[in-house]
Each structure stands twice: as C-alpha cells, then as structure tokens.
There are 4 protein chains.
Amino acid sequence: MNSKKINKKKIINDPVHGFVTITSEFIFDLIEHNYFQRLRRIKQLGLTHYVYPGATHTRFQHTIGALHLMGQALDSLKSKGIKISKDEEEAVLVAILLHDIGHGPFSHALEESLISGIDHEILSQLLMNELNTIFNGRLNLAIEIFNNRYSKKFLHQLVSSQLDMDRLDYIKRDSFFTGVAEGTIGTDRIIKMLNVSDDKLVVEKKGIYSVEKFLISRRLMYWQVYFHKTVMASEYLLVKMLQRAKLLASKEVSMFATPALSYFLYHDIHAANIKQELQKVISHFVKLDDTDIITSAKEWANHDDKILSILARNLVNRKLPLVILSETSPKKEMISKIKKNIMQCYGLAEKETTYLLISGEISHNAFGSSDDMIQISVNKNELKDLSEVSDILNVPYLQKSEKKYFICFPKNCGV
Amino acid sequence: MNSKKINKKKIINDPVHGFVTITSEFIFDLIEHNYFQRLRRIKQLGLTHYVYPGATHTRFQHTIGALHLMGQALDSLKSKGIKISKDEEEAVLVAILLHDIGHGPFSHALEESLISGIDHEILSQLLMNELNTIFNGRLNLAIEIFNNRYSKKFLHQLVSSQLDMDRLDYIKRDSFFTGVAEGTIGTDRIIKMLNVSDDKLVVEKKGIYSVEKFLISRRLMYWQVYFHKTVMASEYLLVKMLQRAKLLASKEVSMFATPALSYFLYHDIHAANIKQELQKVISHFVKLDDTDIITSAKEWANHDDKILSILARNLVNRKLPLVILSETSPKKEMISKIKKNIMQCYGLAEKETTYLLISGEISHNAFGSSDDMIQISVNKNELKDLSEVSDILNVPYLQKSEKKYFICFPKNCGV
Amino acid sequence: MNSKKINKKKIINDPVHGFVTITSEFIFDLIEHNYFQRLRRIKQLGLTHYVYPGATHTRFQHTIGALHLMGQALDSLKSKGIKISKDEEEAVLVAILLHDIGHGPFSHALEESLISGIDHEILSQLLMNELNTIFNGRLNLAIEIFNNRYSKKFLHQLVSSQLDMDRLDYIKRDSFFTGVAEGTIGTDRIIKMLNVSDDKLVVEKKGIYSVEKFLISRRLMYWQVYFHKTVMASEYLLVKMLQRAKLLASKEVSMFATPALSYFLYHDIHAANIKQELQKVISHFVKLDDTDIITSAKEWANHDDKILSILARNLVNRKLPLVILSETSPKKEMISKIKKNIMQCYGLAEKETTYLLISGEISHNAFGSSDDMIQISVNKNELKDLSEVSDILNVPYLQKSEKKYFICFPKNCGV
Amino acid sequence: MNSKKINKKKIINDPVHGFVTITSEFIFDLIEHNYFQRLRRIKQLGLTHYVYPGATHTRFQHTIGALHLMGQALDSLKSKGIKISKDEEEAVLVAILLHDIGHGPFSHALEESLISGIDHEILSQLLMNELNTIFNGRLNLAIEIFNNRYSKKFLHQLVSSQLDMDRLDYIKRDSFFTGVAEGTIGTDRIIKMLNVSDDKLVVEKKGIYSVEKFLISRRLMYWQVYFHKTVMASEYLLVKMLQRAKLLASKEVSMFATPALSYFLYHDIHAANIKQELQKVISHFVKLDDTDIITSAKEWANHDDKILSILARNLVNRKLPLVILSETSPKKEMISKIKKNIMQCYGLAEKETTYLLISGEISHNAFGSSDDMIQISVNKNELKDLSEVSDILNVPYLQKSEKKYFICFPKNCGV
C-alpha cells in the first residue's frame, strides 16, 4: 500500500491577514487534531450574528489569526536582538494556538449554566495536559509559558496581557466580520513597536498613538458589539434556556438532547468533582459545540414545560427580549410592574418570572488591573506606565471599570 | 398591557455592502418570519470553510445582500426612465429575498441523498406559496415574477439571469469571505450600466469591460473555490455519508438523528409523493438546517455500521479524501487498483467501496444556454449578444461547458 | 454651428468615497471655473509626500470629497425632519466647495513668508466675493453661511466646526493616501448620528464612541503625519527658502521666478494695503500654485546667494535637516554649539544661521476652544458637552493644547 | 564635528503594498540620488487626474512599489530552489528601480514633441550609464540584465516581460489611485505562482486563472483609464501645445519657459546628434519635470501667438476638446466640416487647424508579440503558451491588436 507524504507546510487563506503560513510540522499536527478541529464549530462571537449577520466567524479562524500575529511578533522581536530559542519559539506558538481550546459552545452561557464554577481557562488547561500526554510531553514548555511559570515572562505576555496576540487578532477580526470598520486596528504597526525591556513586553515610545487608538477601538467594540443590547438579550435568552433545561434535568424530566449535551445536563459537574470525572468530562466536552445547543433548542421549542418552550422558541426564531441599559439601577416599581405583566401575559407564578425578567450589571474596564498596565519604553533605561505617558486618556478612569445596569424582559411586557 | 411599536425601518450592518436599509414593513415582516430566520443556520458555501476558514457566511447574509443590490438596481433603472410601479418594486424585492428560501442544509448534498429528485427551487416555490397563504396573497406578484410568468420579463431577469442580483451578490460575498480577493467585482459599476431595452435587461456598451471582468471573476471563483478539490472532497464525503444513512434507515437500522433529519431519513420523499405529504414535508423541512447534519454525524462517528462510522468520523474531524482532477477520464486499471487498496485497508466487500471511491465529471459553463446570453445595447436601437461584442472572450468556448474528470478516495489508498 | 449640450450631472470616481455625483448645474459650473481648477495644482499636504510618498492628493480632490459628505449629511438631517430649503441646500454645498479656494501653494509656507498677515481664510473670502460678482450674486447665501452670519447656525457648523465635513473628509482622505490606515474614521456612521437641536449641530448619544474614535484618529494623524518630524523639516526648509528669496527681492537682487511668484516676491502685500491692490493680488494669486515654487526652487539651487542656493538645493533634492522634538525646551548650550557648527561648516556669519537653525514650538489641541465643544444630545431635551459625557477622554487635557519644542538644523551639524 | 550615521534600512509606508523595506544600503543611496528623486515630480499617469482626480501618484511611488514586488518575487523563486546569487539579486533590484529613470514629464508628450525619435528607454539607458560612472561600475550587472544581455534570461523577464514587476505594480497602483477598483489584481498570488523553467519565467498551472484575470484587468484599465477619451483629449492638447511652442522656438519667437524646458525648445535634439550633446542633454533633462510644463503653459495662455495661447489656456483650465472613438475611420466629409467650423470659429487658416483637429488610430494588444507569450508550466517537463492552455481567452484575438479610430476637436466645433 502506497501512502502519499502529506505536505505540512500549509498556507491558509485568511480574509483578515491574507496568506498565513504554518511553519512547523508539529503545529500542523496540532491543528489537524480533533480537539482543535472542534473549534471550527464554535462561533467566535456566539449569537452576535443575530445583530451583525456577518459575525459567523469561528474560534478556529481566530486562533489561526493569532498564531499568524505571533509569528510576526517573534520575527520583529528577534530582529531587534531579543534572544528567543527555537524551542521557545515553537512553545509560544503552541501556547497561542491552544489558548482557546477549552472554549465551549457560546462559552459564557455554558459556564453560567451547565458547568458552573469551571471557566474555559481551566478547561483549556485540562485539554492541553491531555494533548501533552498524547504528544509525549512536547507541550511541556508551551504549558509552562501559558501558565506564566516560565522564566522569560515576556513570552507569557505575548500570549496573555493587555497587548497579547489574542486581543490584537480578535479586535481586528471582529471589526472585519461585524462590519464595524471603525474598530479596526493597525496590528502591523503595533507589532513593529513591540520590544522587550527588563523581561517585560513593552511598546516603543513612538507607538503610543497606535496603542491609544487600540484602547479606544477596543472600547468601541465593547459597547458597539460585545455589549450591544440585542447581543446581550440573545445571550440572556440562551443562558436562561440552559438553566431551565438543567433544572428540569435535575428533576429527571426527559427532553431531547444530543448525547454530549445530555451528559452535561444530567450530570452535576463542578470544581469539586471534576477531577474524579475527568476522563468522562473530557470525552464529552470535546464533542460539544454550537450545533448541540441549537439542535436541542429547536426541539425544546415544543417541550411540555412552558418556560423551556418559550425560551427555546424565542431563541431559535430570534424573537428577542428588550434590554434597557442605564447608568442608574432600575426603579423597583418598574421591575415589579414588568413582573406582573409577565405573570399575566404568560400565566406564570412569580418565582417563574426569573426566567423572563433579568436584571443586573455589566462592566468593562480598559485594563484588567493596575499591575498589568501597558509599559512604554520612553528611553533606553526607562519604562513608564501608559497611564503616565498618555496625555489624552483619562488615567483614573482607565483603572476603574465602566458599569451599566440592565434589565431584560419580553418586548410585550414593558411599562 | 403596553406594547412598544417596533421600528421596522431597520438598518443592517453588512461587511460587504455597508449599511443595508430595509425599506418596507412587509419586507421586514418576511425577514422576521421563522422560515427566513432559518437561513441564518445554513452556510452559503457548505463545507467550503474546510478550505477557506473565513467562508462561514450564511444564506441569510447573502439574501440580505442581494436585496440591497436589487434596491440599487431598481433605483438605477428608474433614474433612466424605466417605469416600475410601487407594487412591482415590492414584488421584485420579495422575489429576490425569497429566492433561496428552499435551500436545505448543504443543499446539493440533501438533494442528492435525502430527497432525490426535488431540488431547492421546487422547495423555494412550495415555501413561497405557503408564505403567500400566511400573508393573505400579498406574494402573488412576487411569485409571478419569480416564475417568469409576469408580463414585464426584465423584472424576472433581475431575479434570475446571467447578471441577476443573486450572482452579483454571491460572487462579491464569496470573494470577501474566502479571502480570494481577486474574485471581487464592481457591483456598483455593473448596476449603473444596467438598462432595459425591448423588455430585456441589457448592459450599456461602455459596461462591457466590467461584464467581461465579471465573467472572468466568476470563472476564477468556480475553479478556485466552488470546485476546489478539497471542497469537493468534503462534499462527496457528506453525500456518501447521508446516502449510507438513508440506506441503513431503509433497512430499519436505528441511529441517532435529530427529529427533522429523522423524518427525511426514514421517509421516502420524492417528486411523485411530495404533494400528498406536503404539510408534513414542509413542517419538517423548515426545522432542518446545517446543525442537524453535524450533530448527527458526530454520533454516527461511533455507529456500529463500519462504513457510516468511517464517513462520519472523517467528515467531523476533517480527515478528507484525496481528489484527483484531470482533463481525461481516469484509467480503469488505476481505479481497480485503488478499489483493491480500499477493500484491503478497510476490510470491505467490493460493492461497499462505492462509498469511499467516487468518480465522475464536473463541469461549469460561463452561460447557462445560448438563449440566455447577456445582451449589450450597442446603440439606441440595437442589441447584441455579449458574444458578438466581446472580442477577447472566446465565444464558441463560452457556449460549451468546461468539463473535468475527478476521482476521490481515501488518502492512504492511492496508487 | 452646432454645439453639443454638455451634461452637467457628472459622476466623479473618487478612490476614497466611490462614485460622487454632482447634483446641480451651478455646482458644476463652479467646479469648471479656473479659480476652482487651480486647486488641482495644490497638494493637500504640501511636502508630506517626502515622507509618505502616496500623499500627492490635491485640494481639488479633498473639496470634492467634502462636497460629497455634505450631500450625505444634508440627506441624513432632512430624513430626520430637519427643515432645509432648496436654496439653503445649494448654499451650504457651495460654501463647502469653496472653503479652501483661497489656499496658496504649500499654504502655511506662503502665509509665513510671502504675504504675511493674510491667511487663506481671508483669501477664500476675497475669491468667493469675486465669484459672487461673476455669478451675479448667486453666492450670497453661501457667503453668509460661510461667515456664520446666516440665521440657521447649524448650517455654518456643517462647514466649519469640530465635526464639519472638511475634517471628516481630510482625516479619512489623508489616512487613505498616506497609508496610515489606523487613522481612518467611520464617516458614514458619524454622519448618520448627526442631528440638529436648538439650532446646534449635535451628535446622538449612541454616536459617542465614533466621535471619541474620530478625536483619537485625528490626534494620531497629527502626530504621525501632520507633525511628523521629517514633514516639518521639509516645511521649514521651504519657508526659510521663501523668506530668503523675499529678503533678496527686497534688496532688488534678481532671481528666476515665474511671473505669478515674482509678483509676490517683489511686492509687499500685507493686511493694510491688500484692499488697494486687490485686483492685482487676485489676478496673480489665481495663477499661483505648487509648480511656481518648485520650478523656481530648481533654479535657485544654482543662485549666487549661498543661503538661497543651499536651501533650494536641499529642498529640491530632499536633503532634509534633522528635527529634534522634545517635551522641554532645548538647552541653550546645545543651540549655541550647533550654531557654531553651522557657521564653520557653511562659512556663514552668525545672524545668517537663522536660515539653517530653527527652533520653536508646535502645538495641537483637540478642540479649538471650549465654546466650540462637540455637543451630544443625551436625550430629547438635553444637550451636553462631549467632555461631560465621555468618560474615557481626559477632559481638562482636551481643553489645553499639546505642546512640543523642536529644533531643526542640517544633519551634519549636530552635537 | 559630529555626524550622525544615517539609518539606511528604511521602511516606506505605501498605501498600495503596506510597509516596504529597503533592504540594501546601495539601493538606499540610489533612491537618495537627485536623478531618482526627480521621479517624485513626474506623475505616473500624466493628465489622467483630469478624469480620475485621485490619480496624482508619481513614478517615484510606482518604482518603489515595483522594487517591493521584485523582492517578493526573488524570495518566492529562491524558496522554490531557483539559484540567484546575492549579486544577481541586487542587480535585478537595481534594474527595476531604475527602469523608469529616463521618463520625462508627461512622457509620451515629450517624445512626440520635444525630442522626437528618442524614447524614454534610451534615456533610461543613458542615465543608468551615468549613474554607473558615478557609482564606480556597481551597476554593471544591473545594466546587463536591463538590456537582456545577461546569461540568466529569466532575470530580465522579471524586469521586462508580459508579467514583469513593472506591470504588476502599475495595474494594481493605477487601479487603487483612479478608484477603478475592478482593475485590481492579486499580485501576491501571481508572484507565488511564478517559477523558472528552462531559464524562462513561467507560471505554474494552477495560477492560470489569476493570469487570465490579470490580462482582463489590464485590458479593462486600458480602455477605462489609459485610453479614456477625456484622458486622450488632455494628452493631445498637451502634445499640440508643445509642438506649437517648438515651432515658434524654431522661428526664434520668444516665450516664457523654465531654463530646462527652454533648452529642449530652442535646441534640436534627435537621435543623430544626441551623442555629441550628451552631457548637456543629461544636465538639462535631469532638471525637467511636470512643473516646467505647467508653469510655462500658464504663461503661454497669454502669449501673442493665438494658437499657442488657445492650447495652453485650454490645457491649464481643463477646457478639453471632444474625442470621438469609433471602430471605423471617420468620414472625410465630417472631418472637412469640422475643419471649416474651426477656421470660422477661431479665425484660423486651414493649415493651422492641425493644432485643433487631430485624428488617428489607437491600438492595444494584450501581448506585445507572439514570441513573448506568457509560459505556463503544465507539468514538470512541459511548457505551453498561455494561449494553448487558456480556454476562455480568445487566442487569435490576443495576438492581433485592438484598434480604434479617434477624432479630436474643440467641443463647440462639432457637426
């Protein structure tokens, strides 16, 4: 029997970055692995395409894009004399490639409903370990870098920090696919301005305008896309639907579900017991993607449970609730009026209205925390926080988060 | 109870055309209908994203884009003095909006496996009739135009002809999302060059270079994207998987399937009996989309039937067969050698190899038929076929189709 | 004799905005006038193409682009119920079309050397009056609006304010032609967000992110393009060359000059005497453009006056001085050291070094003054300054100007 | 005295290709040379900006762009194992950098009026030799390649052939700046498809669609831009103006002219005497650019010679003649009628009408000649002409030229 040798130096055509070259056979093998291929079935922005129809791009595309930018960043740093060994180079490429491997379908939805207490970073961790076993320890260094346990700290910052390749790719990509062209950023220029000083990833001084622009673009994307009222409305609908399904499952109510989803509905997985169940959790998790949720929701639209069927039908047919955002918390009287309307309109008991009436806060801050501020190399021997160097950005503001209150309920139950 | 009036003059942000305005409330209501929302769950290019990862755009986006171009075309024609009434305008917008409403998941796959003999245009027809009943006959004129039974023939040509808004949108959109930037076309310019002469949609003479370019781009997209070897390999895998599932279903073998897919697997729907079963067919069809196929395939990957499981596993994990294209039909000895390899490698009987070894022809011709040639208005009183006016395009060639032979089989079973 | 009627409904192909339609015959006639055609010979960004080679676009293009955006803005405002009469519409289009008509070659250079004390806005004024006479008073209303003497103040704001069509076009256009893609702005979105409240041009609240982004982009363009060190170096060279030529002319030294330039070199025009000389000034000014300066400089490169020849030669052959920017004013010792180097190297007397050694300040502030702040309509009855609404922009900072010190001298005379 | 070392590894920001890196110090020195800097003052497309206002880009930009593509092509070929030494690499980069060094202002205008019989390729040759002397013979190999006298013929083909880097850049660049977006081509993809076979530059088979698209785009650019009627009208006006000025100069009539232009007006330079006058010709030629023509024309607009003043005034103020294109040669009666109209309208003698009434032929063929056909490598050992491999392009047509007749005359003198 004759087997053709496969060409592993692949070129992938990406509408955002152009031709992306896969430079190593090991990277190629990881991309080919089922665990990674699953990301083709998980949309980068969940239900955002309900508002921006173009936003059907996937975690797969995003990760390939981030890999591409990482290659550029490594070349740029090396050309400036920063020492990065071949092994480190592969490891950091692997780390960025796998940084989203643990994303479930509509990720936050899952985290908030099916496997509460276990976020996608823990799952990414678990899957990387699993792959490390499969590939005989070749991911050791990548995992060290991912977990920020490797001595050269700037390598971790390329994977995860204020200016990591993850963010550079997703801001640009989400801007491209949503059509919110203003959000686009000059990834080329930012990458050319990166340097390493004192083992920290820094931006050269003349790159400050590009960094300011990046922060403003990111904020624009937050409020115009990620926190768009209708996007949030879709996601609340999804979370509530899954929570309801989980509740019914806990009461042994039967319902259609794909086997992978069924496992997570009918088993109680949480931080405490995940270790014992690990192999089972993983074997089901790697089969779970957006399609499990959608096919199940289509069936639930006709389920006997009134609440489940309302939520599922509205989700599938895009009959979205109304979201009201405000700077102050909504008045109690208004909430109680809406609650009554819902009870009357849908024939529900008061405690059941929690599935249709949701209120809470959202917040976004430009920086995760003050100790992770972008560093600017103002001259050879001196680093400063961006907040000290940027005149135009409001520094105290940058460090606190921007908060809004929301209330979400069926369109026909307003006051 | 208080209900907010919904704003139906919506603006949709499309990365390809920019802001798209929905100009009529009726169009808005059609877009909101479940039948139309289903198109959000059907990718425009099936499994093409296996080769061009960006190509995850949907029939929903495409149809909204074609609607937008139709609005531009109507404005352009009216500005040239062509008489188009308000009713005709709405009808032709509705016709283009619904032209793909009957597309099933991975459309050709379905047509070739589950409901053979019934193509998506028949289904579009059926669903339009259904919507016409729901909307009390308001689609009458749209349906007449769609079926080319309306007196003003050029209105049908805007919906379906060599230069219809369907093609103008999909060439541009597919080029955008695949990243094959060369395929892009100047839809603005072509639309500005459209005119009507003698009740025919024609292109003004100075538009000839843009039309030539459109034809060359379309051909480039055919061979670079639509007939890309790996795209075809994915689609054959899908068709064969569904054919195998259908066969097993006919033998009452049980297998996981979503209810909608189950209906089409376990019922034999064909042109002869569709009329009797119409309501059932429609009620299941409008629930069927890409996710049904994918969730089912994920389960079939572990089915007892060896062939089904191989095909499903390869499909889900993107382990694609090899496709060889050639100008001459492949040699019999080669085929029989490959067949033996497959039998040996997978332990199959000879007749079972038809699921893994596929051969046939593909063809594409620039024009559907000679009577549908693009007409150029060379001067006020004279129309000519593009073929007479274009010097550079090879006329005899344009009228025959471009044919290639292919053979498709598992990568490890070559000769 | 037979004369063809000219089609005045022209379409102009603009790489930035696409097809631009000239909607009125009067606008067409103004564009055709010699005074306006002169703008084809004046680069929008002077010598910026010495740094960004693509930036050879002209005032002509920019003005046509601003005209296009004005048409869009008027349509948008009218669609929101703002009353704008046909006459007002034409007038505001004319006002934006002619807002740069008084720009001389390398405008600031001229203002600072040849006709000091008379800026391009005064000249625009004079030329508009002249055109008004030629067109029998048809520009009356346009001139009123331009001078902010018309009752509807928002019409003036469309022509000249923080968010006028001039700025929207030039930020986007300069970004396009320089290749500084990050500078691009969403003119479509900003224009859709404009409204009029209390006779003020305002931005609707959800447009705030786009406006923030516009301000950041504008600032980025300032520091990355308009105040780029090498761009400034080129402009100083030009100003100094013209100042030297003017000095020599005042001493009756003869030198090659095109007739139009000669007039301004050998005549002393200033705010006090321009009225008496008006017809002569205008008749020469409308012949003056970039080419007069360049052809003269090419000859001056061989002039007997050592300083003129150095400056001209360096300008023509792009042998640019060094510019050092700093936050603090340069040290006296450094300046005096450089001065000595220049004297020694070029054999100049101390007072002559002022042509080769230039120091000073540049500043840019995001807003001209606090009374011209962008207004946001936070709800139906309430307007707020952007500074009150924007959390992220540093308010006190926005109102003061950003200042830097520069010093500019021949590359080989540094310390 | 202290002199800073200049960084010669420059990055140039090009709106068409992005960041262009100058990789060698010698290339940098050539770019800095006055001869090359002159190209900043010569528009790539002459007066095309009279029709497409964006088209003010220069030969400088184009050459830098072609240099960039050459770098990419060399990298691509080397990655395929084609042997190219460091010296050859530099030489071919130099050859493309200097291929347009001999372009005069509005090049064909000059060739047809001022120095008839000497085209820009001869002048490029002369200037390269001159530079070779200045740089002590370092251009030897570049000149050999430029003149196709070097043993490796494919290196010359990269500089000058059907698919050279000159064409790849100008089609893409002219499309970008004119706004004729349809003309754009996939330079990345074409370059990736280049290979060398049998010392010939060839295109790999799967690149055939991109090449077809390149040819169609090029043809579209020809008829939509380069041979646009109004572009041609502008150029005829220019040629006739210069011919008239030359005639007056030969009669010792005095007129304003910049010194460089004056030299070519008052001296009779032709192929026979250029050798003797070489140093003088070169010293004046390198000072001549677009601005000399424009400043002179502005003065000629008021010259006593009626014909010169008409032509110059119309050129400067963009009062363009009418051009009629046709497939058949214009009727004699029509021409004689127009001639009479001109005589009457302008008070000219019959023989003087040749300055205002121009007729002739233009032609464009897709391939220069059959022996320069693009070669396709259909498999390892076989090359074929594109004409044999491309089905869609009309082969016999490609080898003959496309011819049209034109007649050009003042708008008010038509019949």
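**Strands, helices and contacts**

Me: Strand 3 and strand 4 of chain D pair over how many bridges, and in which sense?
Reply: Happy to start there, and keep in mind that this is a predicted model. Strand 3 of chain D covers residues 194-197 and strand 4 of chain D covers residues 200-204. One of the pairs is Leu194(D) with its bridge partner Val203(D). The two strands pair over 4 bridges, and the sense is antiparallel.

Me: Which residue takes a positive phi in the hairpin of strand 3 and strand 4 of chain D?
Reply: This hairpin has 2 residues between the strands. The phi in question is near 60°, and the residue that takes it is Asp198(D).

Me: Which strands of the open sheet of chain D are the edge strands?
Reply: The sheet has 4 strands in the order 3-4-7-8, with mixed pairing. From one strand to the next, the twist averages 50°. An edge strand here pairs on one side only, and that describes strand 3 and strand 8 (382-385) of chain D.

Me: Why is one side of strand 3 and of strand 8 of chain B left without a neighbour in the sheet?
Reply: Chain B has an open sheet of 4 strands in the order 3-4-7-8, with mixed pairing. Strand 3 (194-197) and strand 8 (382-385) of chain B stand at its edges, so one side of each has no neighbour in the sheet. Neighbouring strands of this sheet are turned by 50° against each other on average, direction ignored. The reason, then, is that each of the two edge strands has a single partner strand.

Me: How are helix 11 of chain B and helix 11 of chain D oriented to each other?
Reply: Both helices cover residues 208-226, and their axes are 10 Å apart at an angle of about 170°. The cut-off for this class is an angle over 145 degrees. The helices are therefore roughly antiparallel.

Me: What is the handedness of that crossing of helix 11 of chain B and helix 11 of chain D, and how many of its contact residues are charged?
Reply: The crossing is left-handed. On the chain B side the contact includes Glu212(B), Lys213(B) and Arg219(B), and on the chain D side it includes Glu212(D), Lys213(D) and Arg219(D). Besides 8 nonpolar and 4 polar residues, the number of charged ones is 6.

Me: What is the orientation of helix 1 of chain A to helix 4 of chain A?
Reply: Helix 1 (residues 25-32) and helix 4 (residues 86-97) of chain A pack at about 15°, with their axes 10 Å apart. The crossing is right-handed. Phe26(A), Ile27(A) and Leu30(A) of helix 1 meet Glu90(A), Leu93(A), Val94(A) and Leu97(A) of helix 4. Angles under 35 degrees count as roughly parallel, so this pair is roughly parallel.

Me: What is the orientation of helix 3 of chain A to helix 9 of chain A?
Reply: The axes of these two helices are 8 Å apart, at an angle of about 125°, and the crossing is right-handed. Among the contact residues are Gly65(A) and Ala66(A) of helix 3 and Tyr170(A) of helix 9. The contact divides into 7 nonpolar, 3 polar and 3 charged residues. The angle makes helix 3 of chain A oblique to helix 9 of chain A.

Me: Which element gives the largest share of the side of chain A that touches chain B?
Reply: The contact takes 44 residues from chain A and 44 residues from chain B. By class, the chain A side has 14 nonpolar, 20 polar and 10 charged residues. The largest share is 6 residues, and the element is helix 15 of chain A.

Me: How many Å apart are the C-alpha centres of domain 1 and domain 2 of chain A?
Reply: Domain 1 is made of 11-98 + 139-227 + 366-399, and domain 2 of 321-364 + 401-415. Their C-alpha centres lie apart by 37 Å.

Definitions and conventions: Residues numbered from 1 in each chain as written. Chains lettered and ligands numbered in written order. Predicted model: local features only at pLDDT ≥ 70, side-chain atom pairs only at ≥ 80, totals over all residues. Axes fitted to C-alpha atoms, helices over the stretch in contact; angles between N-to-C directions. Parallel < 35°, antiparallel > 145°, perpendicular 65-115°, else oblique. Left-handed = near helix turned anticlockwise from the far one by under 90°. Contact = placed C-beta atoms within 7 Å. Nonpolar A, V, L, I, M, F, W, Y, C, P; charged D, E, K, R; others polar. Domains from an automatic or database assignment. Pairing = 2+ DSSP bridges.
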